[in-house]
Each structure stands twice: as C-alpha cells, then as structure tokens.
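Work through each task with the structure open beside you, then compare your steps with the solution.

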Amino acid sequence: MVRIVETSVRDGHQSLFATRMTTKEVVDLCKIYDDAGYYAIEVWGGATFDAAMRFLNEDPWERLREVRKVCKKSKLQMLFRGQNILGYRHYSDDVVDMFCKKSIENGIDIIRVFDALNDIRNLRQAVESTKKYGGECQIALSYTTSPVHTIDYYVSLAKEVESLGADSLCIKDMAGVLLPEDATKLVTALKKEISIPIELHSHCTAGVCEMTYMAAIKAGVDIVDTSLSPLSNGTAQPSTQALADALKGTEYDPKLNMDVLHKAEPIMTQIVNKYVKNGLLNPKSLQINPNILTYQVPGGMLSNMIKQLTDQGAMDKYEEVLREIPKVRKDLGYPPLVTPMSQMVGTQAVLNVLNGERYKMCAKEIKDYLHGRYGKSPAEVDPDIRKKIIGDDEIITCRPADLLEPEFEKLKEQYKDIARSDEDVLSLALFENVAVDFLKKKYAADSVETDEFEMFI
Ligand code: CO
C-alpha cells in the first residue's frame, strides 16, 4: 500500500496561484480532508507564512490553529528550509529551535526540512529540535541532475539523513525533472541502503510526473505527494483522485475514501474558479512545459526571469539567458535550482547576458555563497570565477550557523513593543517589515474593539 500526502492547501496553491488561498478556504477543505485517509495533509510553511501576512492580512499561526481544530485524525505537515527557516538568511540555532517548538505546539505533526545545497549540517538543528518537541522529522533531499548528482551521491546523503535521526526521507523534485527510469533506479537503490520510509515529491511541470510516480511506486516508494483536482497538474502535483483511481484494487491501493474526495471537489472547483477569474491563476501554469527538462528551470524561476527581462526591454535575449543558466550552475558547483539558489542563479544568468561580460556584476547573495555562507557547494566552484568575484577573500568551511550567536532573546527585546507572543517574535524575525505592518494592523483592530466594548459597559 502506498500512502498519500495531500498538498493542495500548501504546494498546490503556491505552485498555481501565488499562495493566495485564504484561511477560510484552507479550513473548509481540511474539514473534509480529515476523513479521506491521507497519511498527512501539508498545510503550512513554504510561502504560505509570508503570503498570509503580506497579501491576505492573516496571521499564519492562527491559520495553523484553525486547521488543527478541524483535523482531529490527520497528521499535519509543514515545509521549511533548514537553517533559513522560511526567511532568506541563516538564523541562529535557538531561533530554529523556537520555531520548531512553536510549530509543534500550534499543531504541526510532521516537519519536512530541506537545504538548497543538500548540506546536511544546515538541517541538524531542525532535526534535533523537532524530535525534542515530539514531532516527526522528515529530511527532503533537493533533486537535480548534474555530473555530481548521481545515484551514489543521493544514496550516501540518504545514509547521512538516516544516521542523523530523521524519521523519513523525501526526494524533493521541485522542478519536476525526475524521469521514470531514474526514479526506478533511485528508489531501488535507496530502499536497499536505508530503512526509514521514502516519500516522493514532484511536480507535473514537464509532463512526466504521473509516469515517474508509477515507476517509483513499483520500485517501493512508501509515500507520494498529490493535490486534489482541480488544483493539480501543470506546475503543481498530480491529481489525488487520478492516482487513487489508477491504483485501485492493486497492491499499492492507497485506500482513500473517494466519497470524501468527491465531496471536496466542488469546493475546490469554486476556489480555483475564483483565482482564474481574478487573474491570479494564469492558464499557462496548467500547461506542461517539456523544455524544463533541458534547462532545469522551475516554473517560478522562469516567470521571475521573464519579468526581469521584460523590465529591461530585453526579452529578445530570452533564449540566450536560458542557455546561460546551465553554465552559471556549472561555475558555481552545480547547486540545485531551488529557493534561494534558483533566484540567485537566474539573476546571475540575466546579468551575465545583459552586461555582455560574465560576472562583471554580481548580487551580494552570490558573493555570500562564494564565501561559503550558505554551506558547501555540491561540487567545487570554478576557482577562476571565484577569484574574479571575491578575489582572495577567506572562505568559511564550518557550518555557517556555528558563527552565529544566540539571537532569540535579542529579537524579543527588539520587538517588545509590537510582539505579544513568541509566535509574533518569530513572524518578525522571519519577515520583518511585512510582519511589523501586519501586527500593527492586527493589534490596532484589537484595541478598537476593546474601546467599543468599554463604551457600552
Ligand atoms: Co513542491
């Protein structure tokens, strides 16, 4: 039997309409999902945290608590980026620890963590803290292809993951570039070498995902991630119902309650229609794009790049930039193209082409990466390129967070006028300006209510 993790209320809307599903929409669906027989429902983390405050004026912590209230049977899962948590810098260990503690206290059961470079040292604190507070910890390995990303490379990382104490391993194929035959080889090799459950997370972007899932299932993968149709396919996960139907009556049957799923469908259809109508769901995202198998560019990165080129009036350079991406990746030691590396590599490729000279200009993040501040690159960085950009500067080889002092208490002190809870402090630590605006509005509304109440006493 293969188990299913439902991703529609996290990755589904993040992939298809910029993470704009509201808490009410998420809760309405989760109420039904709770009876479907999923292994878990992915409800939190990724871009949902930022988007809730920035675009919806909603408290992400409240969303989690609301979902927990209606999900009595199902495990709730979240995703975050190791030592980056959900932000864009490395946080000290005590902030990572507090984030795990509060996530679990507010309702999360399974914490999935990954690191863009697969530097396992950046995941150690998250694993330790998740276990400490009674959560289930899954480590996701970012999947990509390159001369160094071989089956042996992933098997040796998976062994490290297992010995670090993770409860399960996920192959996270964010760009949807894992092909069926490679999935068979990879899952077969992993099953031989590790004993913790293996989950596959991929995207339909290139049009091969369902075939890859079937191959992985036949090779013994334990769990796969799917998204309730009609919020499926395109740049999101394969359809939950279609996979359940395809496996029905076989030894892999996930035994989902189809009546429950059919009950959720019309609600999802209404939600999806709303975002088609308001333009947030671009029908283009629902089409498959086999070209990504050549350039390995995830959907989100492609739309970023198109925007940068359009802003510069340089869309005629589009093909040239696409061809530059694999070269930049090679120069930088083949980082997988996942946040934040996807944005960094994409921007560098645009700069290299538009400036007519490679690495004439570089973003601060690329310089930090070359200094070792993101961790260890999968392969060696080209020494000439490094020299051109950062000269003979010293390079960090330790775990980057080892250089950081504890900072949670300092953050608490810094935000004492705005934050009313440790959860607020964490929101502020992760998305400072967005959280300041959000919390000011939130608590201003609170005090108005109190005043009105007092007037009527
Ligand atoms: Co994903």
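Helices (H or I, at least four residues) and strands (E, at least two) are DSSP runs, numbered from the N terminus. The model is a predicted one, in which local features need pLDDT of at least 70, side-chain atom pairs count only at pLDDT 80 or more, and totals for chains, interfaces and linings use all residues. Residues are numbered from 1 along each chain as its sequence is written, and side-chain values use heavy atoms, with hydrogens and water left out.

**Exercise 1. The second largest pocket**

Task: find which helix gives the most to the lining of the second largest pocket, and where the pocket lies relative to the domains.

Solution. 

Step 1. Start with the term: on a 1 Å grid over the protein atoms alone, a pocket is an open set of points with protein on both sides within 12 Å along at least five of seven lines, while a cavity is a set of points where a 1.4 Å probe fits but cannot get out; lining residues have an atom within 4 Å of a point. Grid points are joined across faces, edges and corners, and a volume is the space filled by probe spheres set on the points.

Step 2. The second largest pocket has a volume of about 360 Å³. Its lining is made of 15 residues, and Tyr88, Arg89, His90, Asp368 and Tyr374 lie nearest its centre.

Step 3. Helix H16 (residues 364-370) contributes the most to this lining, with three residues.

Step 4. Now bring in the domains, whose bounds come from an automatic or database domain assignment. The protein is divided into domain 1 (3-277), domain 2 (286-401) and domain 3 (407-455). Because domain 1 and domain 2 both give residues to the lining, the second largest pocket lies between them.

Step 5. Sort the lining by class, where Ala, Val, Leu, Ile, Met, Phe, Trp, Tyr, Cys and Pro count as nonpolar, Asp, Glu, Lys and Arg as charged, and the others, Gly among them, as polar. The pocket lining has seven nonpolar, three polar and five charged residues.

**Exercise 2. The largest cavity**

Task: state how many cavities of 30 Å³ or more there are, and which residues line the largest cavity.

Solution. 

Step 1. The count comes to one cavity of 30 Å³ or more.

Step 2. The largest cavity has a volume of about 50 Å³.

Step 3. Its lining consists of Asn84, His90, Asp115, Ala116, Leu117, Pro340 and Tyr374. By class, that gives four nonpolar, two polar and one charged residues.

Step 4. Take a second look at Pro340: a cis peptide bond joins Thr339 to Pro340, with omega about 0°. Pro340 sits in the loop between helix H14 (318-331) and helix H15 (341-354).

**Exercise 3. The cobalt ion**

Task: name the protein donors of the cobalt ion, and decide whether His201 and His203 are buried or exposed.

Solution. 

Step 1. Donors are N, O and S atoms within 2.8 Å of the metal (3.2 Å for Na, K and Ca); water is not among the atoms, so sites may look incomplete.

Step 2. Asp11 (OD), His201 (NE2) and His203 (NE2) are the protein donors, lying 2.1 Å from the cobalt ion. Their spacing in sequence is D-x189-H-x1-H.

Step 3. Buried means under 20% relative accessible area, exposed over 50%, and partly exposed in between (1.4 Å probe, protein chains only). His201 and His203 are both buried, and Arg10 and Asp11 are buried too.

**Exercise 4. Salt bridges**

Solution. 

Step 1. A salt bridge is a side-chain nitrogen of Lys or Arg within 4 Å of a carboxyl oxygen of Asp or Glu. By this rule there are 34 salt bridges.

Step 2. Lys387 is partly exposed at 48% relative accessible area, and Asp392 is exposed at 68%.
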